[in-house]
Amino acid sequence: MNSDKKLKILDMILVSLTAAILLVVVGLVILQPTNHKLVLVVVGLLALVLIALSTYRYWLAYPEQTGTKAPLFVPKALGLGWSVNPRNPIGMALTIATVILVLVVFGVALFK
């Protein structure tokens with residue numbers, strides 16, 4: 001499978017994951033379920049998968065520069081704006097810090 005097909009499939013998965021997170025949050029607001037912990041686990045796992053797949057997508061889309069020569073901020077692959085470059089060591093550290101932050105926030109909310 002060539003990289004263009006992989007990128008299209010990843011784009012569909014990323015959009016679906018984002019929609020799933022939004023639907024779970026909207027369902028939480030509208031339905032007000034009694035089991036909030038299950039909802040937190042689902043949203044947390046979906047967010048972690050979204051971060052991992054977004055990083056993988058970037059690695060497929062921009063294979064050129066690695067290491068300290070790679071810029072820290074790059075244009076977003078989808079949409080407008082800038083994103084952190086995971087190929088830069090500082091960018092990878094920021095990506096890992098984001099994952100840890102998501103785990104801590106959802107872990108604290110889950111065990112509270």
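The model is predicted, so local features need pLDDT of at least 70, side-chain atom pairs count only at pLDDT 80 or more, and totals for chains, interfaces and linings use all residues. Residues are numbered from 1 along each chain as its sequence is written, and side-chain values use heavy atoms, with hydrogens and water left out.

Start with the layout. The protein has three helices and two strands. From the N terminus they run α-α-β-β-α. Helices (H or I, at least four residues) and strands (E, at least two) are DSSP runs, numbered from the N terminus. The C-alpha trace spans about 50 × 30 × 25 Å along its principal axes.

Next, the surface. The accessible surface comes to about 7,700 Å² (Shrake-Rupley method, 1.4 Å probe; for residues, only the protein chains shown count as cover). Carbon and sulfur atoms hold 74% of that area. Of the 112 residues, 26% count as buried. Buried means under 20% relative accessible area, exposed over 50%, and partly exposed in between (1.4 Å probe, protein chains only). Among contacts with a separation of 6 or more, 49% join residues 24 or more positions apart. A contact means heavy atoms within 4.5 Å.

Now follow helix α1, residues 3-31. Its 29 residues reach 41 Å from first C-alpha to last. That is close to the expected 42 Å, which is 1.5 Å times one less than the number of residues. Leu-7, Leu-10, Asp-11, Leu-14, Leu-17, Ile-21 and Gly-27 are buried in α1. An α-helix has 3.6 residues a turn, so residues three or four places apart point the same way. The cover over the buried residues of α1 includes α2 (36-61). Just after α1, Gln-32 takes a positive phi of about 45°.

Which residue pairs with Asp-11 in a salt bridge? Arg-57 does, with the closest N and O atoms 2.4 Å apart. A salt bridge is a side-chain nitrogen of Lys or Arg within 4 Å of a carboxyl oxygen of Asp or Glu. The pair links Arg-57 in helix α2 to Asp-11 in helix α1, 46 residues apart. A search of the whole structure finds one salt bridge. Arg-57 is buried at 9% relative accessible area, and Asp-11 is buried at 18%.

Finish at Asn-85, in the loop between β2 (82-84) and α3 (89-111). Asn-85 counts as buried, at 2% relative accessibility. Its side chain reaches the backbone nitrogen of Arg-87 at 2.9 Å. Leaving aside residues up to four places away in sequence, Asn-85 touches Tyr-58, Ala-70, Pro-71, Leu-72, Val-74, Gly-91 and Met-92.

Key:
A polar contact is a pair of N or O atoms within 3.5 Å; within protein, one must be able to donate a hydrogen and the other to accept it, and residues adjacent in sequence count only if both atoms are side-chain atoms.
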